[in-house]
Amino acid sequence: MSGLLNALSSAMSSLAASQDEVNVSSNNLANANTPGYARERVVLEEQPSFSTGTLGDLGSGVAVESVQSIRDPLLDASVQQETQQQSASQEIVTAMQPVQTLFVSGNGGVSDEMSAFFNDLQELSTSPTDPTLRATVLSDAGNLASAFQTTATQLTGTQQSLDLGVTQSVSQINQLTTQLAQVNGQLITAQGSGQNANNLQDQQQNLLSQLSSLIGFSVTQSSEGQTISTANGTPLVVGSQSFALSTATNSSTGFQDVISAQGQDITSQISTGQLGGLIQARDVQVAGVLSSLNTLASSFASAINTVNENGYDLTGTQGTAMFSVTPGNGAAASMSVAMTSASQIAASSSATASGDNSNLLAMINVGTQPLVNSQTPTQLLSGIVYQVGNDVSQAQSDSDAGSLMLTQLQDEQGSVEGVSTDEEASNLLTYQQAYQAAARVVTVVDDLTLVALNLGVETSMS
Amino acid sequence: MRVNPNMQTDMLSYLQASQNQEQTAIEQLATGLRVNLPSDDPAAAAANLVNNASISADDQYVQNIDSVQQTMTNADSTLSSVITELTQAISLGVEGSTGTQSTSDSQAIAQQVSGIKDQIFALANTTFQGVYLFGGTATSSAPFVEDPSSSTGVQYAGNDQTNQIQIGEGQQVATSVSGDQLFGSGATGVFGSLQTLITALQSGASSDVGTATVQLRTAFDQVNTSRVFYGNALSGLTEQENYLGQEKVNLQTNENNLVGADPTTAASVMSQASVAQQATLEAIAKAQSLSLLNYLPQD
């Protein structure tokens, strides 16, 4: 009888194991689309056998050793890293895409207005005293100044919205690091008491992948749990403690600096993730275009002013400045026309000959002669167009390459960690068969037990 | 080998790729441009800006030429009238120098020559669109003024400067000849010679009239020679205009090479992309229905 009961308990353990397997499979199917979820599998183990003396050892069934998450930490880390790179490039593309439309010709931008201005001067040179032509020069000078202004204002506007993004991004990062610290704490406790912490690990993974689209970081694992720090080593999470980043207004730019919990300015050291992209676009790409534009505006205005001041206007009076501009960071934004009357255009080089156009020719030459860095105004503008176009196309190709790489890595990650419904379906069949077999054993043992109890008489007990 | 069971990301990226291609091709076909934004080809966009500036400058050079052509044609035809008047005065001088006229005839001829002098004086002060044509660069006041105190009766108040205008990159031409160069000054100038002739005719001394007529002929030659400038300049301008037209064609070809789209390529890219997109969509639809769960016995 003890032999039969032993078979019964083996069968019971098999029934229990199969049920667990079906449970896990069902949970896998349920979480097939849950972000951060890694498929789980039941790890079975043979139960300790017992000795029967001369016959040797007899097995006593199966036991569920653990439920294991199938995870590849290396792949997880690669996906995070690629996400950090890709989101930075994507952010730059998003920021610079509208900026480049400011420099497309035919839209009344700086290059169009500058051409118009010089063409007006040419026209005026054919008839230097013509009041209509003079008025056209003056009004197109106004258009040119306002094109500089508008472009600069739009660039500053772009910087301001990027700046707002920086603040928002920092607060999202802080929210995530707080949650990560919590999960870390729970993980430490759970692992300390030997619990299955798959669920917490999935959560942790999900939070990390969200964080990686926001900021670049690296993760190190120790007995105290995870340490998450930025690329330059600023800690964000150490075990169950999180360190919040903060923002502070930079006194010279007026934009937000990112400050670590230790009080250090780490703005320039954040280069990846959405935050890195926002900072780069704000402080490097857009700032670079704006600075080129300011250089052009102030040197152009002062070159034209110098020529006009050297000449004589329609009334034979020494010329004055045509443009008013505040040199430096706000040059383009501050540009305006200083002249109040078209007669103040100093076309002539002589106080007595108002019909002379030689000073106009000198003014026209400003357009074709080197202005800054041995480049003409047209070449400088062309340089800005190249700069803007290159910023976008560079970031775009980085972003494209990044997303290709990311798809590849996610494929690999999915091939290890992803839930396959086909696989689960076929597993379910296996588990079903195992369960049926074990159940069959129970019936057989039941029959045999009856036979033994009735001593061969079939009808006595049933 | 286990494959990624989640095919969605892959499929979406395939779809996106073919959609992107299709969109780019459509944009190229619609705008006729390969470079619509600087990022499409930063170097070409930058070069195109310089090229555009050259096209715009060329258009303006043509405009400059048109403007001065009008002024110069006007000056030239004014001078042609001056020549006619002078020819008339010379034949009157010749008539007066024969010594066969009566004093009253001489007086009448002097009267006629004096009328011619007034006529030429008016012509020398011709304005075009409010600008005096023969005052050098002092164009806002009459270059020739009556001056009874002077022996010639006329004083030149302009200057001897001339404006240059640009008619091509680094190319400038003078737009006028100053009044004193055209008409000369003092006794040997047009007005001096006419005045001498008038005085000689009034005095009735036929030999003086002859000398004065010879003098006037010299002044006439001076006007005629200086006037050639306008004819030469005008034909030079026409040549330059033709050259600029040709250059503009070259620049436009260059623009097309830099940023223009090749419609044949764009059209074929577009049809390829839409075929790819169609195929991807069908593949996705097929793949989604493939699941073992659909084939398991339903009992």
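Q: How many helices and strands make up the secondary structure of chain B?
A: Let's start with chain B of this predicted model. Read along its sequence, chain B follows the pattern α-α-α-β-β-β-β-β-β-α-α-α-α. The secondary structure comes to seven helices and six strands.

Q: How are helix 2 and helix 3 of chain B oriented to each other, roughly parallel or roughly antiparallel?
A: Helix 2 of chain B and helix 3 (residues 103-124) of chain B pack with their axes 10 Å apart, at an angle of about 165°. Angles over 145 degrees count as roughly antiparallel. The two helices of chain B, helix 2 and helix 3, are therefore roughly antiparallel.

Q: Which class, nonpolar, polar or charged, has two residues in the contact of helix 2 of chain B with helix 3 of chain B?
A: Helix 2 of chain B passes helix 3 of chain B in a left-handed crossing. Residues of helix 2 that take part include Val82(B), Ala89(B) and Leu92(B), and among those they meet in helix 3 are Ile109(B), Val113(B) and Ile116(B). By class, this contact of helix 2 with helix 3 of chain B has eight nonpolar and seven polar residues, and the class with two is charged.

Q: What are the numbers of helices and strands in chain A, and what radius of gyration does chain A have?
A: Moving on to chain A, there are ten helices and twelve strands. Its C-alpha trace spans about 145 × 40 × 30 Å along the principal axes. A compact globule of 462 residues would have a radius of gyration near 23 Å, but the value for chain A is 38 Å.

Q: Is the crossing of helix 2 of chain A and helix 4 of chain A left-handed or right-handed?
A: Helix 2 (residues 73-101) and helix 4 (residues 131-192) of chain A pack at about 165°, their axes lying 10 Å apart. That makes helix 2 of chain A roughly antiparallel to helix 4 of chain A. Their crossing is right-handed.

Q: Which residues in helix 4 of chain A meet helix 2 of chain A?
A: From helix 2 of chain A come Ala95(A), Pro98(A) and Val99(A). By class, the contact of helix 2 with helix 4 of chain A has five nonpolar residues, one polar and no charged ones. On the side of helix 4 of chain A, the residues are Leu155(A), Thr158(A) and Leu162(A).

Q: Which strand gives the most to the side of domain 1 of chain A that touches domain 2 of chain A?
A: The domain assignment of chain A gives domain 1 (2-70 + 419-454) and domain 2 (78-408). Their centres are separated by 65 Å. The contact takes eight residues from domain 1 of chain A and eight residues from domain 2 of chain A. With three residues, the element that gives the most to the domain 1 side is strand 4 (residues 62-69) of chain A.

Q: Which element of chain B gives the largest share of the side that touches chain A?
A: The contact between the chains takes 41 residues from chain B and 47 residues from chain A. Helix 1 (8-31), helix 2 (42-96) and strand 5 (164-168) of chain B each give two or more residues to the side that touches chain A. The largest share, 14 residues, comes from helix 2 of chain B.

Methods: Residues numbered from 1 in each chain as written. Chains lettered and ligands numbered in written order. Predicted model: local features only at pLDDT ≥ 70, side-chain atom pairs only at ≥ 80, totals over all residues. Axes fitted to C-alpha atoms, helices over the stretch in contact; angles between N-to-C directions. Helix = DSSP H or I, 4+ residues; strand = E, 2+ residues; numbered from the N terminus. Parallel < 35°, antiparallel > 145°, perpendicular 65-115°, else oblique. Left-handed = near helix turned anticlockwise from the far one by under 90°. Contact = placed C-beta atoms within 7 Å. Nonpolar A, V, L, I, M, F, W, Y, C, P; charged D, E, K, R; others polar. Domains from an automatic or database assignment. Rg over C-alpha atoms; globule rule 2.2 N^0.38 Å.
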